[in-house]
Amino acid sequence: MRKESVMKQYEAARERFAEYGVDTETALRAIDEVEISMHCWQGDDVTGFEVSEQGMSGGILATGNYPGRARNANELRADYEKAFSLIPGRQRANLHAFYLETGGKRVDRDAVEVKYFENWMQWAQELGIKLDFNTSMFSHPKSEGGYTIASYDDTIRGFWIEHGRRCRDIAEEMGKRQGSPCVLNHWMVDGSKDAPVDRYDRRALFIRSLDAIRSKAVSKDHVLDAIESKLFGIGLESFTVGSGELALGYAVTRDIMVTCDLGHFHPTESVADKVSAVLQFTDKMLLHTSRPVRWDSDHVVLQNDDTMALMQEVVRANALSRVYIALDFFDASINRIAAWVIGTRATQKALLSALLEPRERLLAAERAGDTTYRLALVEEMKNMPVNAVWDYYCEKSGVPVGMDWYGEVKQYEKDVLLGRD
Ligand SMILES: C[C@H](O)[C@H](O)[C@@H](O)C(=O)CO
Ligand SMILES: [Mn+2]
C-alpha cells in the first residue's frame, strides 16, 4: 500500500517537473553517484579511542549527554552500519586519526601508523565503502598552548609535523587499498584568545610546517589533501592562523583543495557564493556541511537556507564532480544515529532539490535579461513535490521512506545503545 502510494506520487511529481523541462530520472541518477562522507566523530562526541585522559579542546565543543555514545571502534562501526542502512545511496566513512585501535597500548599522535587502522580498512572493504581521513591536531597536551604547527617551540612543531606526515602515509595506504583517493583534511586549531602582535611569522611557520607535512610526493590517485580555514574557535577568538585567505592562498599555490565549512565564516558570509570563486582556481574543493547557530556550534545539518544555497551553487556551477561533500557536526544531546541520519538525508535532499531545478530555463531567462521570470520561477520551485521524488529514491534504494527510519533508530536505541551506560 505504502509502496503503491509512493509510486503514484512519484509519477505525479515526474509529470510536474517535466512541465518545467526537468527530468527526475536524470536527477536521481546524478544523486546516486554522490558519496557523502559521514564523519565518525558524531558517533562518540569527538572523543576518539586513544588511551589517554585528555578531554576535548581546540575551540570546539560537543554538548549534551544523550545515552549510548560509542565507546570503542566496534560500537562505532556497528552504529555506522545502522545509520548506513537508513540512508539511500552510497556513503563514505570519514575518520580522524585519534580513532585508531591500538589494543590498549598508549600510542601518541607522532606515532600513529597504518596498522592501527587495519580494522577500519577491512571493515570498509567488507562493506564496499571508501574511507577519508583527518589529522587530529587538537584535544592533546601539546595543543593546549593554542598552537601546533605554528608553535615557536621546535619540539611541539616537530611533533605535529610528524603527526601530519604519518597521517598522510595512512591516507595513502587507504587510498591505495580502496582504489580511489582518500580525502585528507588538514584542520589545525592554531590561534589565540587575544590579539597577537606577531601574526606574520606565525603564518609563515604554519605554511612552512604544512609544506613539511606534505613534502613527500604522493599521487593524487591515492590522497587528496585539503586545508580547512576557520574564523575563530572558543578561547581562540582573536586570531586564527589558518584563516580564509591563508587557506585559499595555500590551496591555490600548492594545487590542493580548500575546505569550506558552513560554520567557519562570518554569519553574513555565504559559503555558497565561494564555490564558483574557488573553483576558478582549484580543481576540486571539500565542503563540510554543518549548522552554526550563533557560532560554530556544529548543530545537525538541516535543509536550511545555507545548505540549500550551497547545493544549488554546486549544481548551478556544474561542479558535482569537483566537490567532495563531508558532514561535520557533533550533537551529544540527541540520539547520535538519528543525528547522522537526519544530517545526511538533509544534505542529500538539499542536493536533490538543487538537481530538480529547471536550470536551463532559469539560465535562459537570466541571459535574456528576464529577471522577472527568473524570480517567479525560483519562487515557484520552492513548493514543487521534491519530497515525492525523494520518497521514491528511498523506496528504490531499499531504505525507509519518510519517518519510517525513526522507529528503527528507537528500536536500536532500546536494544543496543541503552545497554552501553
Ligand atoms: C573534528 C573536525 O575535524 C572539526 O570539526 C573540523 O573539521 C572543524 O570544522 C573544526 O571547527
Ligand atoms: Mn569542519
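This is a predicted model: local features need pLDDT of at least 70, side-chain atom pairs count only at pLDDT 80 or more; totals for chains, interfaces and linings use all residues.

Visitor: Then where is Phe17 found?

Guide: Counting from the N terminus gives each helix its number. The run that holds Phe17 covers residues 2–18, and that run is helix α1.

Visitor: Is Phe17 buried or exposed?

Guide: A residue needs 20 or more other C-beta atoms within 10 Å to count as buried. Phe17 has 23 such atoms, so Phe17 is buried.

Visitor: Which residues is Phe17 in contact with, leaving aside its neighbours within four places in sequence?

Guide: Some residues lie well away from Phe17: the C-alpha atom of Ala93, 76 residues off in sequence, is 33 Å away in space. Once neighbours within four places in sequence are set aside, the contacts of Phe17 are Val22, Thr24, Leu356 and Met384.

Visitor: Stepping back, how many helices and strands does the protein have?

Guide: Both kinds of element are present in the protein. The count comes to 14 helices and 12 strands.

Visitor: Among contacts between residues at least 6 apart in sequence, what percentage join residues at least 24 apart?

Guide: Buried residues make up 48% of the 421 residues. As for the contacts you ask about, the share that joins residues at least 24 apart is 81%.

Visitor: What average pLDDT does the protein have?

Guide: The model scores ipTM 0.98 and pTM 0.97. Per residue, 100% score at least 70, and the average pLDDT is 97.

Visitor: Now the ligand. How many charged residues are in the shell around ligand 1?

Guide: The residues around ligand 1 include Trp41, Trp187, Glu228, Lys230, Asp261, His288 and Asp328. By class, the shell has 4 nonpolar and 2 polar residues, and its charged residues number 5.

Visitor: Which residues does UniProt list for "binding site"?

Guide: The record is an unreviewed entry, and its "binding site" residues are His264, Asp296 and Asp298. They are spread over 35 residues of sequence, yet they cluster in space, with a largest C-alpha distance of 10.0 Å.

Visitor: Where does His264 lie, and which residues does His264 touch beyond four places in sequence?

Guide: His264 lies in the loop between β8 (257–261) and α8 (271–278). His264 counts as buried because it has 26 C-beta neighbours inside 10 Å. Not counting residues up to four places away, His264 touches Ser229, Lys230, Leu231 and Asp296.

Visitor: And which residues is Asp298 in contact with, leaving aside neighbours within four places in sequence?

Guide: Asp298 lies in strand β11, residues 295–299. With 26 other C-beta atoms within 10 Å, Asp298 is buried. Its contacts beyond four places in sequence are Ile60, Gly263, Ser290, Asp328, Phe329 and Phe330.

Visitor: What separates the C-alpha atoms of Leu76 and Cys40?

Guide: Leu76 lies in helix α3, and its contacts include Cys40, Gly43 and Asp44. Leu76 and Cys40 are 36 residues apart along the chain, and their C-alpha atoms are separated by 7.5 Å.

Visitor: Is Ser139 buried or exposed?

Guide: Ser139 has a positive phi of about 50° although it is not a glycine. The loop between β3 and α5 is where Ser139 is found. With 22 other C-beta atoms within 10 Å, Ser139 is buried.

Visitor: Is Asn318 buried or exposed?

Guide: Asn318 has a positive phi near 55° and is a residue other than glycine. Asn318 sits in the loop between α9 and β12. Exposed residues have 12 or fewer C-beta neighbours within 10 Å; Asn318 has 11, so Asn318 counts as exposed.

Conventions:
Residues are numbered from 1 along each chain as its sequence is written. Chains are lettered from A and ligands numbered from 1 in the order in which they are written. Helices (H or I, at least four residues) and strands (E, at least two) are DSSP runs, numbered from the N terminus. Two residues are in contact if their C-beta atoms, placed from the backbone, lie within 7 Å. A residue is near a molecule or strand if its C-beta atom, placed from the backbone, lies within 6 Å of it. Ala, Val, Leu, Ile, Met, Phe, Trp, Tyr, Cys and Pro count as nonpolar, Asp, Glu, Lys and Arg as charged, and the others, Gly among them, as polar. UniProt positions are given in the numbering used here, feature names are shortened, and annotations may be inferred rather than shown by experiment. pLDDT is the predictor's confidence in each residue, from 0 to 100.
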